[in-house]
Amino acid sequence: MDVRLHPWRRRLLSTALFCHLCLATVSVDAQPRFEGEGRVVAVDETQGTVTLDHGPIPGLMPAMRMAFPVQQVERLQGLQVGAVVRFSLQARGPEWVIATIEPVGESPSPRAASFPAPDFTVPTLSGTSIRLSDLQGKVVLLNFWATWCVPCRTEMPTLEALYHRYKDRGLEVLAVNLDMLSTAGVEAFVKEVRVTFRIALDPSWSTAQVYRVVGLPTTYLIDRRGNVAVREVGERDWMDGVSQLAVEGFLQ
């Protein structure tokens, strides 16, 4: 049998082979990159990840909090919680990884703030009152919640667990309840979950309006100097690795 190829078949085979070799030699660096800026929430050099509160990344994703793997773990060295960084993302299979990341200007310390936490005084479920500024010197997790909010109820046990783990190191949890009716339901839920941190009452939503709360739960992490450093909207497992790393960063 004559296995010789006709000239047009040889040209077709050569073209296909050339294209295959070209595709095979395209490096990862040739993949498109997307750039963004954000604030470092947590750094995990063991897992090779960094968690960022980032703004919108044009053409890719909206503003959100997300943990990204990095192509080179060495890039995480020296990054501090609270630092504002500029970064680029690159596709690696089905995930996006950080190709480059660097602080924008001088890196702030982990205690660097977004803005001073507005002061307020509210009554508590125990019958006393509390003023936020009286807690200055501690790291405060300020949580806005309601008994009719299912995600609020779901995350409350993790807030309690976080408080127990770090209260001796200076963590204070203040949960501001926004129920507009009686406090009977609040008292019943607090007993059910066995909450030991302070529960404040704001049925008029006056404090919530000052903090621009539009969804529940909403939580603010306030550093020892009384500055808001992190804002979290939505339910969160406060005992997950990212949350604990963030809290520990401000307790140092």
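## Largest pocket

By class, 6 nonpolar, 3 polar and 1 charged residues make up the lining of the largest pocket. The model is predicted. The space in this pocket comes to about 190 Å³. Its lining has 10 residues, and V81, L245, E248, G249 and Q252 lie nearest the centre. Two or more lining residues come from each of β1 (33-44) and α5 (241-251). The largest share belongs to α5, with 3 residues.

## Largest cavity

The whole structure holds 2 cavities of 30 Å³ or more. The largest cavity has a volume of about 70 Å³. Its lining includes R65, L141, W238 and R236. T219, Y220, L221, V230 and E232 also line this cavity, as do S243, A246 and V247. β12 (218-222), β13 (227-233) and α5 each give two or more residues to this lining.

The lining residues of the largest cavity divide into 7 nonpolar, 2 polar and 3 charged.

## Second largest cavity

About 40 Å³ of space lies in the second largest cavity. R39, V40 and V41 are among its lining residues, along with D53, V81 and G82. A229, V230 and F250 line this cavity too. Two elements, β1 and β13, each supply two or more lining residues. β1 gives the most, with 3 residues. By class, the lining has 6 nonpolar, 1 polar and 2 charged residues.

Notes:
Residues numbered from 1 in each chain as written. Predicted model: local features only at pLDDT ≥ 70, side-chain atom pairs only at ≥ 80, totals over all residues. Heavy atoms only, no water. 1 Å grid on protein atoms, 1.4 Å probe; cavity = no way out; pocket = protein on both sides within 12 Å on 5 of 7 lines; lining within 4 Å. Points joined across faces, edges and corners; volume = space filled by probe spheres on them. Helix = DSSP H or I, 4+ residues; strand = E, 2+ residues; numbered from the N terminus. Nonpolar A, V, L, I, M, F, W, Y, C, P; charged D, E, K, R; others polar.
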